[in-house]
Amino acid sequence: MDIRRILAVTRKETREISRDPVTIWVSLLMPLVMLFLFGYAITLDVEDVPFGVWDEDRSPESRRLIDAFAQSGYFELVHSISGERELDEALERGVVKLALVIPASFGRNLARGRPSAVQVIVDGTFSNTAQIVAGYADAIVQEASPPARPLLRPELRVWYNPEMRSVNYVVPGLFGVILLAFPPLLTALGVVREKESGSIQQIFASPLTSAEFIAGKLLPYGLIAFVQVLLVVGFGLTWFEVPFRGDLGLLFAISLIYVFCTVGLGLLVSTLTDKQVVAMLLALVLTLMPSFLFSGFLFPIFTMPYTLQLYAAAFPGQYFVETSRDIVMKGAGLREVWVNAGALLAYTFAIFWLAAWRFRKKVA
Amino acid sequence: MGRRFGSLLVKETIQFCRDRAMLALILFLYTAEVVMCTVALTFDVKHVALAIVDQDGSPRSRELVERFTVVQEFRAVGRPATEAEAGRWLQSGRAAMALVIPRGFARRLSRNEAAPVQLLLDGTNSNTAAIARGYALGILGEFEAERAARLGHAVRMVRVERRIWYNQSLSFASFMVLSMIALASMMIGVIQPAASIVREKEAGTIEQLMVTPISVAELFVAKTLPTLVMCLLAVFPSLLVAHAFDVPMRGGLGTFLALTGLFLVSAISLGVLIASVTRTLQQALLVSFFGLFPLLFLSGTMVPVESMPDALQVASQVSPLRHYMEVILGVFLKGSGFEDLWRQALALFVIGAVLFASAVIAFRR
């Protein structure tokens, strides 16, 4: 390894990248666009759920219950229902997601100190929201009804994310997804371009070793990727007001490993094909889709079937997403995250070894 | 003119069918992808890692613990000795929830006093946490109600009868199957026509077509009709997949196919539009990728549109996929017909018409 030769490759690559302003803008802006789109759009928080009421009772008690729903912040009264047909229609059209049915005897029963019942009908199309909505409805009804004699007193404490905002969870995960979306694609296209145009033959004819070539290519793309990290982490934490509990230095140190890992994946993809289109599709299948769907970013891994958990473990996204969340949300230190960080490091070395090996085979 | 158009259509159809990779991709997206994502991706919460701290150690407390360990929503991972240790388990991720039953639990219960029970919950994943909390409170509520029934008094003054409509078993699978079918239609509908037109541009054969007496309109229709037919046919294997996952088909097949066709017109027009403004295959792929990506995930395919901020909800109105998602969920899960879905149909029609018109204009140039 000769440091001068590596720098020469880096200089050449940097010059080529700087001549292509479109690529630079895309690589710096797209991550931010994704951050904002997904930071806002991917939320499973439930608020202002449109609900309808079929009040057969029309007593002060029933009105108090309806008010409790409307003022909870979770529900918004949009429809007053009278009759079975109207109820069916409102739910079917999706005008309301929840219907509260209060029977005629409701107020009278309560006034006499007798237990009563109300019906809560929830649109179950999106099962997850339905469950949360039904839970809130339960809680509101209990809160609004006169106290009875409880036998249990549950004390609930939610740690790390007490307000249960999903953006606190989404943003630290997005760091991992965005970094797996762009650097590999950029790197792969950068190398395959030389293959397509044939200029790679000149490299092979020079005294440059494959390790030096890879290292030289790595530096500029690694730098771009690291700037992306800074932008995404900076904007993500400040704009979305995600509370940061851990050590920023540790997060950046592990991000650096991850950056090399993603760029290495791009290099590996570039050794598999000679065509830019194929390189792009491969980058999508090997990096973007798994990072979005199988990294635990949105869909928790522990609920997947075992074989698909193994599939998820074959991609680096999972390790970084977990580490990033542990550091940002739980304030975890190296002692807690070393398993994932170590896995990431080992993964990165394996990727580079594979890329260099595939590359050398081509030369011979 | 009919013959000219016919022969062009035959050529396009042959070309379409010869593209093995594309056909394989279509079949893959409509079946394997649907299956894989449906099996793996779910927001349903099962097997939440639960740490149990039973400081009471009485038959009563064991009864409560057992209620948590027998259901599949929770998976007992161990019994830390103290609450502080349970906290450390939460910190290291070994457990996601801890149930702490303090000393004196049974004694208080027997005296009919309210006995405290603690639940510590890892809130990092707010969604999982909210659902796990619901399960836990449900189990506590059952325990309480059964005990109250034995004592002969009510614990709650108002009982909530909960009914879930359209998806009684509350499985995410039916949503995911339908969502992936819609995604597949969108991707193929946009990428296939875009790639097929740009390829002719790159190869230069489009010039040859331009000098023939074939009109632009004929060329346009011939280019897009095979995709439309293919995408409609590709829906059928997906219907089998949906059937295999026990997704009910409550509405009419005719309604579904008609509205799918209407949706595909928008998707295909978008593809032609992309092909008209790009020059190389790579550009076309990049543009459709960056254009599709937000469109795919912001249309209620992964997370419901209702929980997005208002501005994005308004913006999502222009996405044909958003309206199509409502159609496909409505037809399958709710059994909606045209009379319920006319709004979505109208929206699809308007979006389709606008996209189609701009595609024809851009294509003519």
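Author: Two residues are in contact if their C-beta atoms, placed from the backbone, lie within 7 Å. The model is predicted: local features need pLDDT of at least 70 and side-chain atom pairs pLDDT 80 or more, while totals for chains, interfaces and linings use all residues. Residues are numbered from 1 along each chain as written, with chains lettered from A and ligands numbered from 1 in written order.

Reader: How many residues of chain B are in contact with chain A?

Author: The contacts of chain B involve 73 residues of chain A. On the chain B side, the count is 77 residues.

Reader: Which element gives the most to the side of chain B that touches chain A?

Author: Elements are DSSP runs numbered from the N terminus: helices (H or I, at least four residues) and strands (E, at least two). Those of chain B supplying at least two residues each to this side include β4 (115–122), α8 (172–203) and α12 (281–297). The most, 14 residues, comes from α7(B).

Reader: Which residue of β4(B) stands opposite A:P154?

Author: Strand β5 (residues 152–159) of chain A pairs with β4(B) (at least two DSSP bridges are required). The pairing is parallel and runs over eight bridges. Opposite A:P154 stands B:V117.

Reader: How far apart do the C-alpha centres of domain 1 and domain 2 of chain A lie?

Author: Chain A is divided, by an automatic or database assignment, into domain 1 (3–42 + 165–363) and domain 2 (49–144). The separation of their C-alpha centres is 48 Å.

Reader: On which residue is the kink in helix α15 of chain B centred?

Author: Helix α15 of chain B covers residues 338–364.

Methods
The bend at a residue is the angle between axes fitted to the seven residues ending there and the seven starting there.
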